[in-house]
Amino acid sequence: MATKPKTTSQTSGTIAEAKGKLGIMIPGMGAVATTFVAGVEAVRKGIAKPIGSLTQMGTIRLGKRTEGRSPKINDFVPLAQLNDLVFTGWDIFEDDMFAAATNAGVLEKDLLEQVKPFLQSVKPRPAVFDRHYVKKLDGKYVKKGKNKMDLAEQVRADIHDFKKTSGAERLVMMWCGSTEIFLKQTEAHSSVKAFEKALLANDENIAPSMIYAYAALSEGVPFANGAPNLTVDLPAMHELSRRNHAPISGKDFKSGQTLLKTVLAPGLKARMLGLSGWFSTNILGNRDGEVLDDPESFKTKEESKLSVLEHILQPELYPDLYKDFYHKVRINYYPPRADNKESWDNIDIVGWLGYPMQIKVNFLCRDSILAAPIVLDLVLLMDLAKRSSELSGMGIQEWLSLYYKSPMTAPGLYPEHDLFIQTMKMKNTLRHLRGEELITHLGLEYYD
Ligand SMILES: NC(=O)c1ccc[n+]([C@@H]2O[C@H](COP(=O)([O-])OP(=O)(O)OC[C@H]3O[C@@H](n4cnc5c(N)ncnc54)[C@H](O)[C@@H]3O)[C@@H](O)[C@H]2O)c1
């Protein structure tokens, strides 16, 4: 006799309505940020479609396969609507979003012209910036302060100002700034108290991205991290996030090569095919590529890109298949390609009786075109988390792992990198929030 799976998910929580405007605050108004904002405006005007965005195009199956219930995600959970989004940001360059988007060269002139007045209205605020943390950049549009706490207070004042002038009911901060040098967790990050002391003492272990995050979380504003920077992956930030009901998530958008890696590697593992080596290389010519040309920033990105295979393949469980595979990731700055990154993956796999085979992947992608819908989904879902009584005090939003190369998890918990597990986790979280049955795909009941 078939067993009935235990899938009922009683939610104890409530979700507040998405009333009024949602203010999106973006440190780093470069290629990704401008492609996102220009895209939202283009979609609002009916010029283009939000392709790549799960919140705008995705559906969610509810109940049994025989029930035929698959509402759009956007109808199933109360998300902010695109017409309710308002924007601000910070950058070390004074360009408004139209000038920055033109400079980034991702979107065609024709499209940009159609959203020009709107983009021109989004102007950056002076940044918290220090070249020590991003060696390849130098800009003059930078805040001055007597110490890092003073700078954090200036960002908090920006948050108040934006809320007032935009009329936003709720806010989300989304880091789209550059990749900073590789930093490790230290005593300065161990608690909110230690962090505040370190801010006052201008401690070198506190990078600009952490100052924005501290300001946002102190104001109860959710913070999502699109770069591989340490930023909120710290005990002090976890504490602040939980205390102030300001959800956090990160890190590093999973947009191109790593997205495909987390699709292919689970496939190999599902069929118990071995791996002896995976060589990934990229050419990229945008400003992000230039920043990553600095070895210290590259190290931050490298760590983020390298971690996925180990966790998916679990060599400790499958030593015959995955012990000692060679994994290399390279990013080469190559200006002629600008944002149109090209990546090559050579994958040496091993089959029946140890016979070697090869897979080649050549992805001619557009970096910011892949990242922009991730930004849209993240800001809407982080706002949802903030309005959910169950999620808002939880700190890390692990259910948003599918958007990140290095998903944050509770301390001591290994991250899930497999895109299909991540997607199931995300959709089951939404089902749970709405008190719907979780879907396990067991399906024995169809054969009762
Ligand atoms: N597919 C993708 O594009 C992708 C994928 C994963 C991660 N990322 C990360 O997203 C981030 C943005 O990528 P991008 O292509 O837009 O880069 P970009 O260089 O075009 O934009 C980054 C912007 O941040 C600004 N900036 C740097 N430090 C700042 C600070 N402290 N305060 C305010 N502004 C600051 C820079 O001046 C620049 O305008 C990078 O960290 C990148 O590594 C991008």
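**Strand pairing and the ligand shell**

In the predicted model, residue F279 stands opposite N346, a residue of strand β9. The strands concerned are β7, which covers residues 274–284, and β9, which covers residues 342–350; they pair in the antiparallel sense through 9 bridges. Strand β9 is also joined to strand β10, residues 356–364, by 9 bridges, and these two strands run antiparallel. Within this second pairing, W344 is found opposite N362 of β10. Strands β9 and β10 form a hairpin in which 5 residues lie between them. In the turn of this hairpin, L353 has a positive phi of about 65°. In a regular strand, side chains alternate between the two faces of the sheet.

The surroundings of the ligand were examined next. The ligand is surrounded by 37 residues, and the closest of these are G28, G30, V32, A227 and R287. Two or more residues of the shell are given by each of the elements α1 (31–44), β2 (85–91), α12 (287–292) and α15 (367–387). Helix α15 provides the largest share, with 4 residues. When the shell is sorted by class, 21 residues are nonpolar, 11 are polar and 5 are charged.

The position of the ligand can also be described in terms of domains. Residues of the shell come both from domain 1 (21–253 + 369–433) and from domain 2 (257–364), and the ligand therefore lies between the two domains.

How values were computed:
Residues are numbered from 1 along each chain as its sequence is written. This is a predicted model: local features need pLDDT of at least 70, side-chain atom pairs count only at pLDDT 80 or more; totals for chains, interfaces and linings use all residues. A residue is near a molecule or strand if its C-beta atom, placed from the backbone, lies within 6 Å of it. Ala, Val, Leu, Ile, Met, Phe, Trp, Tyr, Cys and Pro count as nonpolar, Asp, Glu, Lys and Arg as charged, and the others, Gly among them, as polar. Domain bounds come from an automatic or database domain assignment. Two strands pair if DSSP finds at least two bridges between them.
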